[in-house]
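Visitor: Could you take me through this structure step by step? I have not seen it before.

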Amino acid sequence: MENETLETIYTRRSVRSYTGQPVPRESLIKILKAGMAAPSARNIQPWAFVAVTERGLLDGLCERLPYSKMLDKAGAAIIVCGVPGKDDVYGGKYWVMDCSAAAQNILLACHAMGLGAVWTAAYPNEDRMAIVRDIIGVPEDIMPLAVIPVGIPKDKGKVTDKFREDNIHWERW
Ligand SMILES: Cc1cc2nc3c(=O)[nH]c(=O)nc-3n(C[C@H](O)[C@H](O)[C@H](O)COP(=O)(O)O)c2cc1C
């Protein structure tokens with residue numbers, strides 16, 4: 001591959017099966033730094049992150065979040081949260097895009113570091129957001145967007161090429 005960054009982007013896949021080993025704090029800090037390197041409207045950075053490594057908390061989330069069962073063997077989880085209060089210039093309308101960019105950077109950083117990760121949705125599902133608030137203590141004015149389990153991958157995932165010529169329109173639709 002001509003370029004390592006492109007290789008990382010092209011080969012990232014959702015990884016849902018992990019060995020159960022812990023993820024070191026230094027790795028989590030690098031991953032969070034990647035999250036915070038994301039673009040945001042007017043550079044407002046309306047985000048906050050909760051890094052979870054305690055087994056009891058990971059198990060609690062695993063038990064109650066219906067689509068995050070892979071947390072049982074994850075070494076950590078990163079919860080990407082929106083802070084709409086910081087985003088008041090835009091009437092709180094941009095935090096979802098800003099935080100999604102941060103979440104994608106986190107997924108890419110994990111992959112670049114040989115870790116497996118997957119975006120599991122909290123927002124916009126009120127029930128799942130309430131579960132995250134309850135277990136993690138996220139305040140009412142902070143929006144849990146995504147719970148990203150992170151772990152040492154159990155197996156080498158299969159890479160599929162998602163490039164579709166028919167998704168592209170050149171010049172006009
Ligand atoms: C907004 C969003 C929500 C998602 N929610 C879940 C989820 O709750 N559980 C899950 O296992 N995967 C979830 N995914 C991962 C997708 O299923 C996955 O990205 C998609 O199947 C494409 O596969 P890939 O990531 O391997 O390219 C979510 C992805 C996005 C972007």
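**A first walk through the chain**

Guide: Leu57 lies in helix H3 (residues 55-64); helices (H or I, at least four residues) and strands (E, at least two) are DSSP runs, numbered from the N terminus. This is a predicted model, in which local features need pLDDT of at least 70, side-chain atom pairs count only at pLDDT 80 or more, and totals for chains, interfaces and linings use all residues. Residues are numbered from 1 along each chain as its sequence is written.

Visitor: Is Leu57 buried, exposed or partly exposed?

Guide: Leu57 counts as partly exposed because it has 16 C-beta neighbours inside 10 Å. The rule is that a residue is buried if 20 or more other C-beta atoms lie within 10 Å of its own, exposed if 12 or fewer, and partly exposed in between, with C-beta atoms placed from the backbone.

Visitor: And what does Leu57 touch?

Guide: Leaving out residues up to four places away in sequence, Leu57 touches Val52, Ile135 and Ile136. Two residues are in contact if their C-beta atoms, placed from the backbone, lie within 7 Å. Leu57 and Gly75 are 18 residues apart in sequence, and their C-alpha atoms are 11 Å apart in space.

Visitor: Let us step back. How many helices and strands does the chain have?

Guide: The chain has five helices and five strands. From the N terminus on, the elements run α-α-β-α-β-α-β-β-α-β.

Visitor: What are the overall dimensions of the C-alpha trace?

Guide: Along its principal axes the C-alpha trace spans about 45 × 45 × 30 Å.

Visitor: What share of the chain is buried?

Guide: Buried residues make up 33% of the 173 residues. As for contacts with a separation of 6 or more, 78% of them are accounted for by residues 24 or more positions apart.

Visitor: Which residue would show me a buried position in a strand?

Guide: Cys81 is one of them; it is found in strand E2 (residues 76-82). Cys81 counts as buried because it has 26 C-beta neighbours inside 10 Å.

Visitor: What does Cys81 touch?

Guide: Its contacts, not counting residues up to four places away in sequence, include Trp47, Ala48, Phe49 and Val50. Val138, Ile142, Met143, Pro144 and Leu145 are also among them. Cys81 and Pro46 are 35 residues apart in sequence and 8.5 Å apart in space, C-alpha to C-alpha.

Visitor: Now the helices. How do H2 and H4 pack?

Guide: Two packed helices are described by the angle between their axes and the distance between the axes. H2 and helix H4 (residues 95-112) pack at an angle of about 140°, with their axes 7 Å apart. Axes are lines fitted to C-alpha atoms, for helices over the stretch in contact, and angles run from 0 to 180 degrees between N-to-C directions.

Visitor: Which residues meet there?

Guide: On the H2 side they are Lys30, Ile31, Ala34, Gly35 and Met36, and on the H4 side Ala102, Asn105, Ile106, Leu108, Ala109 and Cys110. By class, this contact has eight nonpolar, two polar and one charged residues. Ala, Val, Leu, Ile, Met, Phe, Trp, Tyr, Cys and Pro count as nonpolar, Asp, Glu, Lys and Arg as charged, and the others, Gly among them, as polar.

Visitor: Which residues are around the ligand?

Guide: They are Arg13, Ser14, Arg16, Tyr67, Val118, Trp119, Thr120 and Ala121, where a residue is near a molecule if its C-beta atom, placed from the backbone, lies within 6 Å of it. This shell has four nonpolar, two polar and two charged residues.

Visitor: Where is Val15 found?

Guide: Val15 is in the loop between helix H1 (4-11) and helix H2 (25-36). With 24 C-beta neighbours inside 10 Å, Val15 counts as buried. Val15 touches Gly116, Ala117, Val118, Pro153 and Gly157, not counting residues up to four places away in sequence.

Visitor: One last topic, the backbone. Where is there a cis peptide bond?

Guide: A cis peptide bond joins Tyr123 and Pro124, with omega about 5°. Pro124 is placed in the loop between strand E4 (120-121) and helix H5 (126-136).
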